[in-house]
Amino acid sequence: MTAARTGWLLVLPALLLLAALTVYPVAYGIWISFFSKHSFFPEQQFVGFGNYAAVLADEEFWRSLELGLIYSLTTIALQLAIGMGAALLLNEAFPGRGLARAISIFPYVVPTVVAVIIWKWLLNSQFGLVNYLLGIPISWMGRDWIMVSLIIVSVWQFFPFVLLAVLARLQTIPPELYEAATVDGAGAWRRFVHVTLPQLQSVLFVVVLLRSIWMFTKFDTPWLMIQGGGAETYIRTLPIYTYQRTFAYYEAGRGSAMAVIMFLMLVAAAALYFHFWRREEQL
Amino acid sequence: MKRGILFSGVSVLLFFTAFPFAWMIATAFKRSHEIFTTPPTLLPESLTLENVARLFEQTRFAVYLGNSVLVATCTVLLTLAIATPAAYALTRFRFRGREAISATVLFTYMFAPIMVIIPFYVLMRTLELTNTRAGLVLAYTAFCLPFALWLLRTFFQSIPLDLEEAALVDGASRPRAVLYVVLPLALPGVVATGTFTFILAWNDYIFARVLLAADELKTLPVGIADLYNASVVDWGMIMSAGMLVLLPVLAVFAFIQKYLVAGWGSGGIKG
Amino acid sequence: MKTIPSVAALLLAAAVSSAHAQKVIRVWHTETQPNSQEAVRNIAKRFEAKHPGVKVEVEALAWGDLEGKIMASLAAGTPPELSHGQPITCAALQSKGLLLPLDEVVQALGEANIWDQVKRVCRVDGRQYGLVHAAGTSLLIYRKDLAQKLGLKPPRTWADLVANAKAFTTGGMYGITIPGDNLFINILLGELLKANGGIFFDQQNRPQLGSKPMLETLEFIRDLTRYAPPGWEGHGYLETFTNLYGQKAAMMYQGYGRGAGLIEKGAPPAMANAEHFDVWVKPVGPSGREPAAQVDEEPWMLFKGSKNPKEAVEFLKFFYQKDNYLEYVQTVPIHLFPITKSLRADRDYQATPMIQRWKSWIEVQEGYLNNDQGKPTLVIDWDDMNSKPYLMEVLGSGILRDMVMDVALENKAPREAASRAQKRLEDLLKSKGYLK
């Protein structure tokens, strides 16, 4: 068997699964965006780009885009900062490190529902611990603070993703590189910039890309925050609004159009990302 | 790193991470009316197991937990089985379409999962896989696969080709070279990928909600969300559910801790 | 690696074969309280025992998820046999011809035995397309002990209610607590508008948001929420209950009978009774004539495309039989009112301890129902259910809720908020073809 054949054979199961279970639904979604279709009922009517025009003219769409951007950019930045910081700390040797690592990953491991419930309880304006400790009755689920609450929960829940990826990579950096740098007279900060960061480059590239995609399209966390009370209007990000268009306004066509627009935005952003950070990464 | 920074950094980190859990556990052991008093008490005045008891007596929590463990484990096994050889092939073999595959993989992620739900449901229905855990495993595998491929590819890329070449020159067949040289080095990556996959499957709410109907097949996120939305919010019971959710996780981490230990990478890469 | 395809094949085969063994009835409902779920499961088991070869698959779902699931199943062409749904959902589905009539069940129960109010839900051309599982109305709950101390009288007008709220607001206690989420704001708006003699849409489906009754309603909500705890817009339905028995608020405009159970569980033991938490009849608006309350009454719906509708009809008949139905309604006695006069008059039902303890709550609800003052969400007149099949979309769109929030939170003038919402509603109705 030639090398190429072996290669294809190894890749085939993955391809088949992806084609059937991912590509088909996506293709259907794109297809339906050109129709006016009630989400419940089978009738549909071809409208060409009508849905897209309506979406772009919809004031709510732009508002949710803005909210979505605020949400994703802030959470990504914070997740990166805290995740990397945590990884650097937990890479050092100290007694109880194993336990500390395990604990640091906990937030990522609990289902979103549990994370949201715990924080909603902590941030409860009447009985929550946070307000008690702060001494001021902040309405965490109200219009002024709910975005902040959402960001807190999302950062708490997902920073361990960054932590895990970076830590695993840190483990494989040969200590000789650091020794060499120290011999050359580099202090901690310079070692970080000149040895650690370059080694982390490929991992960070993937991590930032994935976290960006996932935070921009994140649905579960804001949705569960809204259930059972939460000022929805102020965290109505793009995925939430898209879901509502489909499942509450019952306009599957328009909802799909919004999803396609989100997709195109991500593609554009990814293209820019690859262009600036490419270096050795192949697409 | 200076000891002072290390100590305070780790303390803050652990507090930020663990305190909400501590609060959850404290609430799980409080009696109902103590939960709603102000000022809130940090430690329960009287420890009670009644919340946990209610959780097991009145709900099917044990069943949900079992389902989640089963589905997540199967997803990990299936995903790794499919993704590891594929990622290896993507970095080691030259064949046409290699680059295109990577691009497609990434693009499929950019389409928001929530929009995929209805066609996905229709597809599962046609395959008669709705309301089965097998269907859910397939769904999660499909969802985790792109990411697993991507991550594993990064790890395989960081392992220099020279190592395998050396083994092949020494007379080993390719499978042996892979098994004894490459995989051990990629192990942290495989473990990390397996962990992420487990968690993605463990955490998912929306696929489980739409694809499963029967109560006895529900996974934890759906089961707990239903408890939360039930007309009587039993905070003590919900918090004990959250607490118990941590237990299998602790078990998993005790196991994988060893594999994230330093020292794997530095061994054979001397030039 | 070779084992994986064979395992997958095995799983697939198992899944396919198990589906064909017996007749399966799928039943979806929204009573997610654990004891209610158990009651339905018990009823299902007893039915299976009597009908070998039939399996009943019960699932309890929360609100937000139910609609999505129904939709997904309809899209796949495989709806369940029976499901709960909102009255306006039932009307919408029926208008598209997706439901089967339940007249056979009505006959089995006795047409005269069912409360008139209940029969008006989802009744089209003399046929019953939805049968309510149980009814409960919204309630104005208040702290009786505090009211007595302050010498407050039952509010007859909206101005009275605001005055009472103001009087209650003192020393860390707020006058009223209201849920801020979409469903409840819509419910509230519907009730208040009806109590103020207004309508949402005219005969030509044109929204009437700029009308005097609506503007007065918006002003009332703004004035009332001044006495609600800050951040009320983020309070969910259950949180308003914890506010009530956690002693942060003295009144609830949208309580339900379920609250009696919550109070007994969560309030300090000495206070967990009707002496401390009682109900007032809701007041009337300046342009209205009589009070109005919303009725929480989801109908059972029988889907046309389902596999075993006949067995499902038998199941429903079984469900409403005295012993089964009694077990069901006793899981939340003050909230789940039986739809049959026979069960309401039944001695076992009357002897339910909770009913004895909270009699006044039952009486107020019966008052609303008997005087036809209770309607489902967003329904002003019974006619609306059939003539306005777009209410479901209006509810889901959140436009009305945004309007209320504009006035109550963003301090916009009612006229301005109303005209913005008017435009959005007109766009919505036009895009669906209901408005020219």
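The model is a predicted one, in which local features need pLDDT of at least 70 and side-chain atom pairs count only at pLDDT 80 or more, while totals for chains, interfaces and linings use all residues. Residues are numbered from 1 along each chain as its sequence is written, chains are lettered from A and ligands numbered from 1 in the order in which they are written, and side-chain values use heavy atoms, with hydrogens and water left out.

Chain A contains twelve helices and two strands, where helices (H or I, at least four residues) and strands (E, at least two) are DSSP runs numbered from the N terminus. Its C-alpha atoms fill a box of roughly 70 × 70 × 30 Å along the principal axes.

Between chain B and chain A, 96 residues of chain B and 94 residues of chain A are in contact, that is, with heavy atoms within 4.5 Å. The buried area, defined as the accessible area (1.4 Å probe) that two parts lose on being put together, summed over both, is about 9100 Å² for this pair, and carbon and sulfur atoms give 81% of that area. Zero salt bridges are counted between chain B and chain A, a salt bridge being a side-chain nitrogen of Lys or Arg within 4 Å of a carboxyl oxygen of Asp or Glu. On the side of chain B that touches chain A, α1(B) gives the most, with 16 residues, and by class this side has 72 nonpolar, 18 polar and six charged residues; Ala, Val, Leu, Ile, Met, Phe, Trp, Tyr, Cys and Pro count as nonpolar, Asp, Glu, Lys and Arg as charged, and the others, Gly among them, as polar.

The interface of chain A with chain C brings 31 residues of chain A into contact with 38 residues of chain C, and buries about 2800 Å², of which 52% comes from carbon and sulfur atoms. Five salt bridges are counted here; one of them joins Arg401(C) to Glu232(A), whose closest N and O atoms are 2.8 Å apart. The side of chain A that touches chain C receives the most from α11(A), with three residues, and comprises eleven nonpolar, twelve polar and eight charged residues.

Within chain B, the axes of helices α8 (residues 161-169) and α9 (residues 174-203) come within 9 Å and cross at roughly 145°, where axes are lines fitted to C-alpha atoms, for helices over the stretch in contact, and angles run from 0 to 180 degrees between N-to-C directions. The contact of α8(B) with α9(B) has seven nonpolar, no polar and two charged residues.
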